[in-house]
Amino acid sequence: VSIVTYAKPATGYVPYKVFDSKSGTSFREVGGNILSSTADVAGAKSLLSSAGVNGGSFTLSVRNNEVDLAIANYVAGVWGDLGFTVTVEAVKPTANSTDTTIYNDNFQALYDSGEFDVIGIDTMMLSTDAFSALSQFAVSFSGNGVDMESENYDLYGHISGYANEEYNALIESAYAEKDRAARAAILHQAEAKLLEDMPVIPVIFLQDAYLYLDELSGISSTYYGTRDFRDTQLKDYMTYKARTASADEGGEG
């Protein structure tokens, strides 16, 4: 089913442009497909049955925009086929009480509070290192606050609620590993463990799309989704430049 025009089915948690062991290698290509991009409703029902799950109801909260709602409604329909009753909630921003030209992002507040059943978020890789994406699910690396009044300095605010000792140990090991190839191998194990336990369900990998004239060449994209124009050239530019210069000289004479 095509939900978003410029997207691919997510076959893992870490997308394609993230490096594996060095620049130019792809973590996703090396790790392969962890998730299937084709539906197996019968298999899903069998797993639910073996786990003693026969349905339930919950709310799926997403930002109030066309794309997020389209994805959420599709996901809700799939869960509906598995016997769940899912309500899609579009979380809308509200005007600031003191300045109505400013809107409060209630979605961010909902996420920060952790008071939701299931939440749909659009994440972006801000690093070409897979560790930055995977480490946030390990308790010690998730940006927790620290209870300074506790003698144990307990962590709090781990929004995902995922706390698996094996996963935490893998991330700790990757953090300490200095050899890039060995570190990448550990991170692949961590991704596999994350998607086995599945506190997060990747749906799609968004793609970048832009238009340019045939007369232009050398346009490329950075790993952060921005345009790189350093090598961009206009076809026959030097010819146009020479003609323009000649015309200017003739006008001055």
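Which residue of β3 is the bridge partner of Gly56? In this predicted model, in which residues are numbered from 1 along each chain as its sequence is written, local features need pLDDT of at least 70, side-chain atom pairs count only at pLDDT 80 or more, and totals for chains, interfaces and linings use all residues. Side-chain values use heavy atoms, with hydrogens and water left out.

The bridge partner of Gly56 in β3 is Phe84. Strand β2 (residues 56-63) is joined to β3 by eight bridges, and the two run parallel; strands are DSSP runs of E of at least two residues, helices are runs of H or I of at least four, and both are numbered from the N terminus. An open sheet of three strands has the order β3-β2-β6 with parallel pairing, where two strands pair if DSSP finds at least two bridges between them. The edge strands, β3 (84-91) and β6 (118-119), each pair on one side only.

Helix α6 (residues 165-176) packs against helix α7 (residues 180-197) at an angle of about 160 degrees, with the axes 9 Å apart; axes are lines fitted to C-alpha atoms, for helices over the stretch in contact, and angles run from 0 to 180 degrees between N-to-C directions. The helices α6 and α7 are therefore roughly antiparallel to each other, a class that takes angles over 145 degrees. Their contact (heavy atoms within 4.5 Å) is made by residues including Tyr167, Leu170 and Ile171 of α6 and Ile186, Leu187 and Leu194 of α7.

Definitions and conventions:
Angles under 35 degrees count as roughly parallel, over 145 as roughly antiparallel, 65 to 115 as roughly perpendicular and the rest as oblique.
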